Amino acid sequence: MSQVTETMLVGTSALIERLLKGQFICHTTDEDGWRALKNPDTRERVETYLNQINRTIGSAGEGEVFFCGYQQLGDNERKVISSQFRDICNALIPLVEWLVLVQEGSGQDAPLSEGVAVRLTELQTRIEDTPAFREQLAKISHYRLFGSSSSNVDAQIKLVFKRLVELGYLIKPNAEKQIFIATGKLDYLYEVIRFIDETEGLSLEAQAETATQRDLV
């Protein structure tokens with residue numbers, strides 16, 4: 001291993017490890033790592049190392065979210081990607097319905113995106129006061145992705161948000177406060193949805209985009 005590679009590994013090993021674990025690096029989840037990858041020199045050094053193991057830096061959200069992909073696709077790589085894509089597709093409907101509920105319940109004009117805060121207590125109050133929202137939450141929480149068996153709004157919504165933190169779509173910066181922040185993985189999800197829309201004609205993203213209009217009807 002060259003001295004340059006050794007030096008690079010010392011300075012960016014933790015960042016490379018996070019990328020190889022499948023984490024999404026954005027301003028919200030890892031500001032230092034995000035700034036490092038926004039720096040052309042650092043990004044080139046990380047890319048050089050990743051290329052040695054058939055990996056490359058991918059991006060989403062107009063270059064604001066970084067993740068690790070394969071540089072070249074062989075049979076094994078295609079199997080891994082197919083499995084990952086299948087997992088995302090299986091979770092799409094629950095996630096899109098949750099995004100619509102959050103948008104409607106929060107009265108936002110646009111779908112949730114990286115860096116936006118969701119105040120769980122306020123959202124829960126709105127849901128409890130609106131029968132249609134309660135029905136939506138019950139349906140969402142009982143999907144296999146979340147697996148709730150409760151009929152209680154408090155238990156349902158807390159389980160859904162806990163699971164979304166585990167999946168990397170949200171973070172909870174302060175354990176004492178019920179405030180969650182959306183991560184860049186959501187922006188990646190939107191790109192997957194757009195890809196499916198274009199190839200399959202499912203129009204999943206439109207559900208989120210028209211949520212506010214439906215709320216006003």
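Modeller: Two residues are in contact when they have heavy atoms within 4.5 Å of each other. This is a predicted model, in which local features need pLDDT of at least 70 and side-chain atom pairs count only at pLDDT 80 or more, while totals for chains, interfaces and linings use all residues. Residues are numbered from 1 along each chain as its sequence is written, and side-chain values use heavy atoms, with hydrogens and water left out.

First, the setting. The chain has 10 helices and five strands; these are DSSP runs numbered from the N terminus, with helices (H or I) of at least four residues and strands (E) of at least two. Of its 217 residues, 39% count as buried, where buried means under 20% relative accessible area, exposed over 50% and partly exposed in between, using a 1.4 Å probe and protein chains only. Among contacts between residues at least 6 apart in sequence, 53% join residues at least 24 apart.

Helix α7 covers residues 153-166 and includes Gln 156. Gln 156 is buried, with a relative accessible area of 3%. Once neighbours within four places in sequence are set aside, Gln 156 is in contact with Leu 137, Ala 138, Ser 141, His 142, Ser 148, Ser 150 and Ser 151.

Ile 157 and Thr 121 are 36 residues apart in sequence, and their C-alpha atoms are 9.9 Å apart in space.

That brings us to helix α5 (residues 120-128), whose axis comes within 9 Å of the axis of helix α4 (residues 75-106) and crosses it at roughly 90 degrees. The two helices are therefore roughly perpendicular to each other. On the α4 side the contact is made by Leu 101, Val 102, Glu 104, Gly 105 and Ser 106, and on the α5 side by Leu 123, Arg 126 and Ile 127. These residues divide into four nonpolar, two polar and two charged. Here Ala, Val, Leu, Ile, Met, Phe, Trp, Tyr, Cys and Pro count as nonpolar, Asp, Glu, Lys and Arg as charged, and the others, Gly among them, as polar. The axes are lines fitted to C-alpha atoms, for helices over the stretch in contact, with angles from 0 to 180 degrees between N-to-C directions. Angles under 35 degrees count as roughly parallel, over 145 as roughly antiparallel, 65 to 115 as roughly perpendicular and the rest as oblique.

One further residue of α4 is Gln 103. Gln 103 counts as buried, at 2% relative accessibility.
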